[in-house]
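Please keep the sequence and the coordinates side by side while reading this report. It takes up a few residues and strands in turn.

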Amino acid sequence: MCIFFCTFAANMGKYVDTYYFLGIGGIGMSALASGAAACGFCVSGSDRGADKAENAPLMNALKSQGITIFPQDGSRFASGNNLPDALV
């Protein structure tokens, strides 16, 4: 998995340190986010269903890996500061 993220970063032509995953609560995105975090990248993301009780186990698992979950309302990017290197 780490090879994927390193290759992706190299293909972008710059070092990628931070990833932001849209729809991080989905089964595919959560797996990619988890893999990126395990490789040592700074990972955050958002999901419309992050507050729903049925998604709590997955969201808590991501948070336990140091992944920050934001509401999917655009507020994370409102200030324009600390933007991620890559959106996934």
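## A serine in a helix

Ser30 touches Ile24, Leu58 and Leu62, when residues up to four places away in sequence are not counted. The model in which these contacts are found is a predicted one, and within it Ser30 belongs to helix α2, which spans residues 27–38. Ser30 has a relative accessible area of 5%, and because this value is under the 20% cut-off, Ser30 counts as buried.

## Strand β1 and its partners

Strand β1, made up of residues 18–22, has 4 of its 5 residues buried, so it is largely enclosed by the rest of the structure. β1 and β2 run parallel and are joined by 5 bridges, and within this pairing Tyr19 stands opposite Val43 of β2.

## A serine in strand β2

Ser46 lies in strand β2, which covers residues 42–46. Is Ser46 buried or exposed? With a relative accessible area of 2%, Ser46 is buried. Once its neighbours within four places in sequence are set aside, Ser46 is in contact with Tyr20, Phe21, Leu22, Gly23 and Ile24, and also with Phe70, Pro71 and Gln72.

## Two exposed loop residues

Asp51 is placed in the loop between β2 and α3, the latter comprising residues 56–64. Its relative accessible area is 77%, and because this is over the 50% cut-off, Asp51 counts as exposed. Although 19 residues separate Asp51 from Phe70 along the chain, their C-alpha atoms are 10.0 Å apart.

Asn82 is found in the loop between β3 (68–70) and β4 (86–87), and it is likewise exposed, with a relative accessible area of 67%. For context, most residues other than glycine have a negative phi.

Notes:
Residues are numbered from 1 along each chain as its sequence is written. This is a predicted model: local features need pLDDT of at least 70, side-chain atom pairs count only at pLDDT 80 or more; totals for chains, interfaces and linings use all residues. Side-chain values use heavy atoms; hydrogens and water are left out. Buried means under 20% relative accessible area, exposed over 50%, partly exposed in between (1.4 Å probe, protein chains only). Contact means heavy atoms within 4.5 Å. Two strands pair if DSSP finds at least two bridges between them.
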